[in-house]
Amino acid sequence: RRRGSPEPRMGMSKLLVKPHAPDAEGCIHAITPESAGWSHVGFAVHRLADGQTVSRATGDREHCLVLLSGKVAAASGETDFGVIGGRASPFEADPWSLYVPAGSQWSITAQGPCEVALCSAPGVAGARPARVIAPRDVGCQTRGEGSNTRHVRNILPETEPADGLLVVEVITPAGCWSSYPPHKHDEDRLPAESQLEETYYHRLNPPQGFGFQRVYTDDRSLDETFAFTDGDVVLVPRGYHPVGAPHGYDLYYLNVMAGPKRIWRFHNDPAHAWMLGS
């Protein structure tokens, strides 16, 4: 480097997506299959002011709207679902969501400030009606133990009707690991493993925190580690993808998965599978 020349800047990974300034519809993330370089998962986040309305035609994709915080008046087609939502932040329990099939449309109007995630994947028009997914419909469980503890809320698991979408949110307590031991789901070799693309939408409490995520393959042709901050999205096109929450900062993430078959079967990294015991 020549004397006096600026320090070289490292390029940001294409797998770490930072939020952008809100557009006219409050959108801070707009990830499409085209922008991600894959075939199935779409993901967006809207931060809406009181009274702000967003509407969409679903076209050839099914949608699942997850109320991260706040309330909306929701409708799809001729069905008025009334006001749904209510939690103050995604770290609180009781998520509300709206599922809308392909070949339909939806509209939401914010009832006070709110944050809404829009998850999408290819769908079949008219396959099923739109429906609200209320907190009572969400299966909750705790996985792991010790520093591998995390709390899972299954919003749209494979046991519930949809064409391609799998949607889950996870709380990882401060100092714990998640998506761990490292696992992957990038090969269509059922029943052992399924092929699924995945997004992680990360939130931290308190929000000035950070977390770590590594995405890597067996042959290390992909091997990247990110320090993400509140509001970032990590794309997982393939490979193992463990997540760590530092001491002092609880981690929330919303996962969206979709692939050729709507089934979640994963393969643990053999180097670390020993910790699962027999």
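Ala, Val, Leu, Ile, Met, Phe, Trp, Tyr, Cys and Pro count here as nonpolar, Asp, Glu, Lys and Arg as charged, and the others, Gly among them, as polar. Keep those classes at hand for the pockets below. The model on screen is predicted.

**Stop 1: the largest pocket**

Select Arg143, Arg150, His183, Trp264 and Phe266. Of the 31 residues lining the largest pocket, these are the closest to its centre. The volume of this pocket is about 580 Å³. Now colour the lining by class: 16 residues are nonpolar, 10 polar and five charged. Next, show the strands β12 (139-143), β13 (150-156), β14 (166-172), β19 (197-205) and β24 (250-258). Each supplies at least two residues of this lining.

**Stop 2: the second largest pocket**

Move to Ile31, Thr32, Ala44, Leu118 and Ser120. They are the closest to the centre of the second largest pocket, out of 19 lining residues. Its volume is about 290 Å³. By class, the lining of the second largest pocket divides into eight nonpolar, six polar and five charged residues.

Which element gives the most to this lining? Select β3 (42-48): it contributes four residues, the most to the lining of the second largest pocket. At least two residues each come from β2 (27-31), α1 (33-36), β3, β4 (53-57), β5 (61-69) and β10 (114-122).

**Stop 3**

Zoom in on β3 and β10. Seven bridges join them in the antiparallel sense. For a landmark, pick Gly42, which stands opposite Ser120 in β10. Ser120 is also among the residues closest to the centre of the second largest pocket.

**Stop 4: strand β5**

Select β5 and show the surface of the rest. Is this strand enclosed or open to the outside? Nine of its nine residues are buried, that is, under 20% relative accessible area, so β5 is largely enclosed by the rest of the structure.

β5 runs antiparallel to β10, with eight bridges between them. Pick Arg61 here: it stands opposite Pro122 in β10. Finish on Val66, with Ser97 of β8 opposite.

Conventions
Residues are numbered from 1 along each chain as its sequence is written. This is a predicted model: local features need pLDDT of at least 70, side-chain atom pairs count only at pLDDT 80 or more; totals for chains, interfaces and linings use all residues. Side-chain values use heavy atoms; hydrogens and water are left out. On a 1 Å grid over the protein atoms alone, a cavity is a set of points where a 1.4 Å probe fits but cannot get out, and a pocket is an open set with protein on both sides within 12 Å along at least five of seven lines; lining residues have an atom within 4 Å of a point. Grid points are joined across faces, edges and corners, and a volume is the space filled by probe spheres set on the points. Buried means under 20% relative accessible area, exposed over 50%, partly exposed in between (1.4 Å probe, protein chains only). Two strands pair if DSSP finds at least two bridges between them.
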